[in-house]
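Hi everyone, thanks for coming. Take a look at the model on the screen, and I'll walk you through a few spots.

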Amino acid sequence: MKTLVLFYSTYGHLYKLAEAIAEGAREVEGNEVSLKRVPETLSREILDKTGATEAQKAFEHVPVATPDELVEYDAIIFGTPTRYGNLCGQMQAFMDSTGGLWAKGALVGKVGSAFVSTATQHGGQETTLRAFHTELLHHGFVIVGLPYAWQGQMGHDEVTGGTPYGASTVTGGQGERQPSANELEGGRYQGRHTAEIAKKLSVK
């Protein structure tokens, strides 16, 4: 069985959450897990001005995925920062390039899941996840979220991400907040849970 954790990250927050999700997915016996990113669409000039160039050095070693390779995986877990309550442009551009796969029904029956980040607690985490789910449904994915069996999203004693639609993290307005221990644990749970379901569905 093969699982892909596919993300876009501007400053590294989603990369850290993606690593946690991959860790969880690797706990499922017989699961081969790949961590990849989608292509950057912003110019080097803009990346330099926003400080993203320096931040992205931390994960520039992560290979860039192509749409055609999605067919190789049993489960794909997508990660995107939120932009105005929706997918970021880089991830949307990647998804828009999967039309050929959609036309052939190449992803029908695969397991799909999503995770996000926002600057603020109410910055569109759930709307972005639900928007992503819509796109996955058009491709025929079997969608997996982050069930309340993971008790980390039940507490209210700390600021934390985590929704029944998928793992999430809050970055702070200036990106000063890194994923918390609770958010990372939610990611590991989601990675493991998604892979477990994919494994069950792959049994012949």
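Let's start with what I mean by a pocket: on a 1 Å grid over the protein atoms alone, it's an open set of points where a 1.4 Å probe fits, with protein on both sides within 12 Å along at least five of seven lines, and lining residues have an atom within 4 Å of a point. Quick housekeeping: this is a predicted model, where local features need pLDDT of at least 70, side-chain atom pairs count only at pLDDT 80 or more, and totals for chains, interfaces and linings use all residues. Residues are numbered from 1 along each chain as its sequence is written, and side-chain values use heavy atoms, leaving out hydrogens and water.

Now the largest pocket. Its lining has 22 residues, and Y11, R83, A119, T171 and G172 are the closest to its centre. The largest share, 3 residues, comes from β3 (strands are DSSP runs of E, at least two residues; helices are H or I, at least four; both are numbered from the N terminus).

On to Q90, in helix α4. Is Q90 buried or exposed? Buried, because its relative accessible area is 6%, and buried means under 20%, exposed over 50%, partly exposed in between, with a 1.4 Å probe and protein chains only.

Finally, Y15 sits in helix α1. Y15 is buried too, at 10% relative accessibility. From Y15 to M95 is 80 residues in sequence and 19 Å in space, C-alpha to C-alpha.
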